[in-house]
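Here are my notes on the model, as numbered points.

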Amino acid sequence: MDYQFSKDFFWGAATSATQSEGRVVGDGKGENIWDYASTIYNHRFYDGVTTEKTSRFYEDYQVDIQRMQDLNFNSFRTSISWSRLIPEGRGQVNREAVAFYHEVFDELNKKGIKPFVNLYHFDMPLALQEIGGFENREVIQAYRDYAQLCFDLFGDKVAYWFTFNEPMIPAEAGYLHDRHYPYVVDFKRAAQVLHNIILAHCEAVKVFREGDYSGKIGIIMDVIPVYPRSQNPADLKAAEMADLFYTRSLNDAILKGHYPAELGEVLKAYGQMPEDIREEDLALMAETKIDLLGINYYRPRRVKARESVPNPDGVFSPEWFYDNYEMPGRRMNTSRGIEIYPQGLYDIAKKIQQEYDNIDWFVSENGIGIQGEEQFIEGGIVQDDYRIEFLKEHLIWLHRAMEEGSNCLGYHMWTFVDCWSWINAYKNRYGFYRLDLETGEKTVKKSGLWFKDVITQQGFDQKEKIKEMTK
């Protein structure tokens, strides 16, 4: 076997509550910002698809978990929907949701699949967004209480907890770049949201430690490695600034316990420091440590020195300091319009090894979304050789990093069943199982059967022949 992984390596997939559960009459779920935005701002969503149905996990969880076992998963990451569990974000608990999550975690454990449970995956309860969301410190306390409730209710069934998925995204996409609700465009407000999310993470970890719950706790980071166009000092500086704003601002705060000094200098120079950062906040950050880091990786970020001067009256943003660089010959996923660069996973692993004390980590998301996958159906199955090749290439680079001492403990693909993907809805398909939007039928793809073989063998050969699969 060319690429062998340990017998206790985590193999599985990841999803989130909003993207997979859907809603049914009488489920007691409260509204979150995605339920609201996909309805009120429906034109922003591909084909106008809302959160109403998504991948029907709320209805199909027993069969879906059996499907996971059919692929030999030993772990699976999902999230708890805050607004399903506590419809208003604080106050009354939805007993239907409590029963549902108990049943899901029981079923996973019964099938030998460890639940990896995330507390927040972009889905702020609408009632809390109406008082400012993470701009408002009251919401930090509400999140702390929500986290404690989850630990109390489900702590004996969940071995791995995660506070946030991609904490940069609610701040950057929701408060700076007009992609996610509430569609604010204001750097200083975005910076305050990010700071308060970091505090919420720290409060949840503190509650976990003080409660002496079993298991481990961590966070899921979206890391986009930055590559300069050239070794010209101007290009190197551009890469340094992109990395400072989009990676180190968060990674250093979580993994080193403090913000990069350079970041504070830049924000002060441009009058962009958040209004409310307290000494006790910084002390809490310094004392908060995690047990396990999840890394989501999809693409690299290539940058070059800016070719024009930013509008001094425009909205301040990290892009004042660099331009994106479209490298000639780069390999593209044309469905998503993003570069495919498997070596980036190796580079992330080395960064964790060298700069963040080689903390235990795992690949919490990695995958390829393709539009129009129905064109690849033969013999009743999606013949997604492109996904198999994508996975192999990334796993090869990951294996190399592990051989060089990186403490990677597992690999979860995004995703298990084709899921609703925020503003792209079902435009691009990512799953090991295909979802028929009309009927709800779920059928395994060729990549799912290949992944099953990898798990069974605990590895794969580099030049193995990819067999044609039929149902």
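1. Let's start inside: H8 gives the most to the lining of the largest cavity, with three residues. Keep in mind that this is a predicted model, where local features need pLDDT of at least 70, side-chain atom pairs count only at pLDDT 80 or more, and totals for chains, interfaces and linings use all residues. Residues are numbered from 1 along each chain as its sequence is written, and side-chain values use heavy atoms, with hydrogens and water left out. Helices (H or I, at least four residues) and strands (E, at least two) are DSSP runs, numbered from the N terminus.

2. How much space lies in the largest cavity? About 120 Å³. A cavity is a set of points, on a 1 Å grid over the protein atoms alone, where a 1.4 Å probe fits but cannot get out; lining residues have an atom within 4 Å of a point. Points are joined across faces, edges and corners, and a volume is the space filled by probe spheres set on them. Of the 15 lining residues, Ile33, Tyr120, Pro170, Tyr175 and Tyr181 are the closest to the centre of this cavity. Besides H8, helix H2 (33–40) gives two or more residues to the lining.

3. What does that lining look like by class? Eleven residues are nonpolar, four are polar and none is charged. (Ala, Val, Leu, Ile, Met, Phe, Trp, Tyr, Cys and Pro count as nonpolar, Asp, Glu, Lys and Arg as charged, and the others, Gly among them, as polar.)

4. The whole structure has five cavities of 30 Å³ or more. Helix H3 (residues 57–70) supplies the largest share of its lining, three residues. Among the lining residues are Thr15, Ser55, Phe57, Asp64, Cys419 and Lys442. By class, this lining has six nonpolar, four polar and two charged residues.

5. A pocket is an open set of points with protein on both sides within 12 Å along at least five of seven lines. The largest pocket comes out at about 1100 Å³, and of its 39 lining residues, Arg179, Ile224, Arg299, Arg336 and Ile338 are the closest to its centre. H8 turns up here too, with the largest share of the lining, three residues. Helix H10 (233–256), strand E9 (301–304) and strand E12 (338–339) each supply at least two. The classes split into 15 nonpolar, eleven polar and 13 charged residues.

6. The second largest pocket, at about 440 Å³, has 21 nonpolar, five polar and two charged residues in its lining. Ala191, Ser249, Tyr259, Leu263 and Leu267 lie nearest its centre, out of 28 lining residues. The largest share, six residues, comes from H9; H8, H10, helix H11 (261–269) and helix H12 (279–287) each give at least two.

7. H9 (residues 187–210) also packs on helix H7 (residues 137–154), at an angle of about 35° and with the axes 9 Å apart. Axes are lines fitted to C-alpha atoms, for helices over the stretch in contact, and angles run from 0 to 180 degrees between N-to-C directions. The crossing of H7 and H9 is right-handed (the near helix is turned clockwise from the far one by less than a right angle). Residues making the contact (heavy atoms within 4.5 Å) include Tyr143, Ala147 and Phe151 of H7 and Leu199, Ala204 and Phe208 of H9.
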